Amino acid sequence: MREFDYQRAHDVAGAVALLGAALDTRYLGGGTNLVDLMKTGVERPARLVDIRELPLDLVESTPEGGLRIGATVTNGDLAAHPEVRRRYPALAQAVLAGASGQLRNMATVGGNLLQRTRCGYFTDVTRPCNKRVPGSGCPAIAGDHHNHAILGASEHCVATHPSDMAVALSAFDAVVRYETGAGGGELPLRDFYLPVGDTPHLETALPRGALITGVTLPPLPIAGHSRYRKVRERASYAFAIGSAAAALDVHDGVVRDARLAFGAVASRPWRATAAERVLTGAPATPETFAAAADAELAAARPLEHNAYKVTLLRNLTVAVLTELAEEAAR
Amino acid sequence: MAVSTSSVITLNINGEKHTLPVDHRTTLLDALRERLDMTGTKKGCDQGQCGACTVLLDGRRAVSCLQLAVAAENREITTIEGVAEGDRLHPVQQAFLDLDGYQCGYCTPGQICSAIGVIEEHAAGWPSAVTGDVRPEAGPPELTAEEIRERMSGNLCRCGAYVAIVDAVARAAGTAAGPAGTEEAAA
């Protein structure tokens, strides 16, 4: 591991000043991803700015009826929070579906959004990887890609974003708040992650040096009837091979409104807007749900070894929406 | 600003303060084992995947291999060496002994620290990934064997002592372990 300077920030202004525009400085939250990547040499910061003691550790109701979640709230505290569980149950479920209890107690909301892909070529510094070393190539396309992207990828990178939390946040129109030395700003989560294209090393639209200060969830009554389902290769403590966050508002057997997002299928949480359009106004039946999934997955471009994900996501969509519809009928 | 790659830090471990110089790259796990001779905390994968290095930070379970020692200043650190009260074992330790919740014992300190955390998280009403209804109105889930298995999934046991581990956690939590049962194993 490269030697590094360590600074502890005590307020947000101090933190962004410490980071400045230095390319090789990183904010340290829970460290569950960053420290791991430093050990393997994927990340080689010259300085860490520890933000864990910043006063960004609260979950608060907004006057409009949404929630403001601080960037240093741990995943454990987020999933346990009564208002998260009451108003956005799929968010609590998504967080609980990720990692282990120990890691959830360390990992923070800001860090969760910024975690890196678990693609085996990205994490192995002896292999080429366009995300780690731009222009070096992507061995995954002709290699091990059984858990890689089927949507929105490019010939330069087929890695997936590993977060469960971000899938639920995406379904619920979350907005990321950040601070820079030149002032603060907001980014809707749908604009937060950049398209892959030929620049897979550029992952977010955050300005250079920006510190994520939190995430705002809008008031969203439909989210009270939501669910997160995750499919993985073992029963617990594994990344998804496909997941879905869904919310459904059904009245007299007709879908009045729907939210749907997929995980483990793209370089970002994948908001399924084409599916949502099919769902809205249609009868709440398995046929509608399958048609909605098909509308979204029509854009899928699977590789040789991950075409199973198209079927998996279709079935997952039908299952989770059917559960929500049955719940609504009770 | 002065740039330095090492610092003199003070760690609060099991109620005692320890002051030591550390290279910033030192993890809490290595500080405990290599610098402070507290070898109860074990190094397994060193990647946050196996749970052998689990300790309690401010009362919450965490993996010490991904925790930088310098960033653990101002935290209350509890290791396996600090969970008993004098000669009286912690109830989780006693349950692991009584029910043979181990074979070789290497993962056991991490299992025990994790189980202490699990029991406190459950007592605080935290749901898990197998909790059917996470809404607070549904009330806290019963700590069934399924709940224990999910909540303890961050601790691997290469000997495969999982059945007895689940029983031990259930006994320490004062609940029935569900289908696996606890009474026969105790006999």
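Two residues are in contact if their C-beta atoms, placed from the backbone, lie within 7 Å. That cut-off applies to the neighbours of L54(A), which is in contact with A9(A), D11(A), V12(A), A15(A) and T72(A), leaving aside its neighbours within four places in sequence. The model is predicted.

**One residue in chain A: L54(A)**

- L54(A) sits in a loop of chain A, between strand 3 (47–50) and strand 4 (59–61).
- Is L54(A) buried or exposed? L54(A) is buried, because 22 other C-beta atoms lie within 10 Å and the cut-off for buried is 20 or more.
- A292(A) is 238 residues away from L54(A) along the chain, and their C-alpha atoms are separated by 43 Å.

**Chain B: overall build**

- Chain B has six helices and five strands.
- Along the sequence, their pattern is β-β-α-β-β-β-α-α-α-α-α.
- The radius of gyration of chain B is 18 Å, close to the 16 Å given by the globule rule for 187 residues, so chain B is as compact as a globular protein of that length.
- The C-alpha trace of chain B spans about 60 × 40 × 30 Å along its principal axes.
- Buried residues make up 51% of the 187 residues of chain B.
- Take the contacts in chain B with a separation of 6 or more: 56% of them join residues 24 or more positions apart.

**Chain B: two domains**

- Domain 1 of chain B covers 6–82, and domain 2 covers 91–186.
- The centres of these two domains of chain B, taken over C-alpha atoms, are 24 Å apart.

**Where chain B meets chain A**

- In chain B, 35 residues are in contact with 30 residues of chain A.
- Which elements of chain B supply at least two residues each to the side that touches chain A? They include strand 4, helix 3 (108–123) and helix 4 (145–151) of chain B.
- The side of chain B that touches chain A has 14 nonpolar, 14 polar and seven charged residues.

**The nonpolar core**

- In soluble globular proteins, nonpolar side chains tend to be buried together.
- Here, the largest nonpolar core has 169 residues.
- A168(A) and V169(B) are the residues with the most contacts inside this core.
- V169(B) touches A115(B), V118(B), I148(B) and M152(B), not counting residues up to four places away in sequence.

**How confident is the predictor?**

- The predictor gives the complex an ipTM of 0.96 and a pTM of 0.96.
- The average pLDDT of chain B is 93, and 92% of its residues score at least 70.
- Where pLDDT is low, the predicted coordinates should not be read in detail.

Terms used. Residues are numbered from 1 along each chain as its sequence is written. Chains are lettered from A and ligands numbered from 1 in the order in which they are written. This is a predicted model: local features need pLDDT of at least 70, side-chain atom pairs count only at pLDDT 80 or more; totals for chains, interfaces and linings use all residues. Domain bounds come from an automatic or database domain assignment. Helices (H or I, at least four residues) and strands (E, at least two) are DSSP runs, numbered from the N terminus. The radius of gyration is taken over C-alpha atoms; the globule rule is 2.2 Å times the number of residues to the power 0.38. A residue is buried if 20 or more other C-beta atoms lie within 10 Å of its own, exposed if 12 or fewer, and partly exposed in between; C-beta atoms are placed from the backbone. Ala, Val, Leu, Ile, Met, Phe, Trp, Tyr, Cys and Pro count as nonpolar, Asp, Glu, Lys and Arg as charged, and the others, Gly among them, as polar. A nonpolar core is a set of buried Ala, Val, Leu, Ile, Met, Phe, Trp, Tyr and Cys residues joined through C-beta atoms within 7 Å. pLDDT is the predictor's confidence in each residue, from 0 to 100.
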